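Reader: Can you walk me through this one? I have a few quick questions.

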Amino acid sequence: AIPILTNTILLLNYQVIAALSTSKSTKMSDMVPLEVLAAHANSYASANGIQVERKRSDDPSNTYFECAPMSLLPNAYPKEALANAQAVATAFNELVDRVSRDAEFLERTLGGGVAEMDPFTAQLLKLYRQVYVGGDKDTPAKLADRLGIHRSDYMLHSAAEGEPYQLKQVELNTIAASFAGLSSRIFSLHRYLTSRFGDEVGEFLEINRKLVTTSTDPAPGVPENPTLERIPRAISLAYDRYVQKFEAGGDASDVIVLFVVQEGETNTVDQRMLEFRLFEDHNIPVVRMSLKKAYCAITLDGDGSLKLGDKEIAVIYYRAGYAPTDYPDGDDGVEWKARLKLECSRAAKCPSLGYHLAGTKKVQQDLARPGVLERFFPGSDERRKVEAMRSCFAGLYSMGEDATAEDLHAAQEVLNGQHAKYVLKPQREGGGYNFYGDSLAEKLREHTSTEEDGSLKLGKQLAEYILMQRLFPPQQKAILLRGGRVEGTGDSISELGCYGTLVVDAQGKVVLNEYAGFLLRTKFSNVDEGGVASGFATLSSPYLC
């Protein structure tokens, strides 16, 4: 038996299709009890490592494992939308690299009001200047390869009722893009359930299909997800290139990959899947360490090599360092000193400081301005890349000193009662920081004023934020599980993440650039924030249609 939350016990008296379907023609003999589906899902998840680590409330020093938050069944998703996300992944990879090398652009975009109001971004920019701007061109950091493991997140959005849904970018993650490991297992779970109980859940899937597409083509179902092949392959390539350049005779016996992780990390299974796959497929050992421990344990030699005892670090993969909470000792603390030490080395970083800055919200907003993408893709042969990326942009508006008339108009709409059309975002990752609805309107009222000529003036406190068009993806029925228990059923929305991997040498020559898999996250439609690790969403899979 599996545990079921108290407020969903009554649901077990019904069948899964009857509970969620609006159709009156479904026969009871065609249905499957919800508890049977949930039991199979939990058993499959436990047998295949779809789990997260939790701290015990009575003793946080001890942990246990439980099933990861997940959608019981896959969510209907237009196959054309996934294909578009896959096709544009390599262009966004290139964009990150080119932005990271443009110090003038990063300084102009982030060095004014954003840096003044957001100390975290200011510190990243300060270290970026220190390591990469000016000075000797042949420093170890400048000669190092760049490794990118990115995830571009999208929502489906319709411009008007009855219009087809289009793919719109929510954000581009360039540091600690998580759940690549678990997403590779979730798709196999959903393939199992939709195959094992195909007749029983077919109508449920068909009802949801009609909510997202008018296509009558046969549904391809849940697609293959290559994250656990392609992401380790990219890390392996960066590792091998390091060994070839710096190790005599290509001897890799004392060369390792460093995973920088948070102290007390609970998303360990997702990370370990990448670690184990690196060793199984490529014979590459991984050492996990926090920034605080790295400061004391790792030394930077004069030739730019990083040493951990008798081991040399070839690749640094950050699963921490993306938020101020990862640097508790402050700007002069050991965590920032560790970040600087690692950055100054000849090891390939994922991400480098430039890649990290390229993924900030303010950069995303500035890239959406007319003509800015052409700065990075000036060639006539690159116009299709520009068009493909631009078609994914939602409405993005500056709240800083560079605000245009269009930006101010969007802010005025918020103040005039149209706040439901927008979301206010700071320069943060991880979920839980955005402003929606009334809290958005209150935030802008608090930090705006009206000039004598009646024009709107933005307070400098808003400079660290961007205003974004709020996206409204199609709602469909879902059953969500959290901690192995049925959390509830109801209308849900989904966000697609598309991974891309990139290896580039010091001169900007692309060695590897490919699409690397997907992640689908689903949450109830009345929940504003996203993020699985932050407790808002669940892991799911696209059921292509």
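Author: Here are a helix pair, an aromatic pair and a pocket. The model is predicted, so local features need pLDDT of at least 70 and side-chain atom pairs pLDDT 80 or more, while totals for chains, interfaces and linings use all residues. Numbering runs from 1 along each chain as its sequence is written, and side-chain values use heavy atoms, without hydrogens and water.

Reader: At what angle do α8 and α10 pack?

Author: About 155°, with axes 9 Å apart. That makes α8 (residues 180-196) roughly antiparallel to α10 (angles over 145 degrees count as such). Angles run from 0 to 180 degrees between N-to-C directions, and axes are lines fitted to C-alpha atoms, for helices over the stretch in contact. Helices are DSSP runs of H or I, at least four residues; strands are E, at least two.

Reader: Which residues in α8 and α10 meet?

Author: A180, G181, S183, S184 and R185 in α8 meet T227, L228 and I231 in α10; contact means heavy atoms within 4.5 Å.

Reader: New topic. How many aromatic pairs are there?

Author: The count is 11, pairing rings of Phe, Tyr and Trp (its six-membered ring) with centres within 6.5 Å. Y397 and Y422 are edge-to-face (planes over 60 degrees apart), because their planes lie at 75°, with centres 6.0 Å apart.

Reader: Where do Y397 and Y422 sit?

Author: Y397 is in strand β13 and Y422 in strand β14, 25 residues apart.

Reader: And which elements supply at least two residues each to the lining of the second largest pocket?

Author: α3, β6 and α9. Lining residues have an atom within 4 Å of a pocket point; a pocket is an open set of points on a 1 Å grid over the protein atoms alone, where a 1.4 Å probe fits, with protein on both sides within 12 Å along at least five of seven lines.

Definitions and conventions
Parallel < 35°, antiparallel > 145°, perpendicular 65-115°, else oblique. Phe/Tyr/Trp six-rings, centres within 6.5 Å; stacked < 30°, edge-to-face > 60°.
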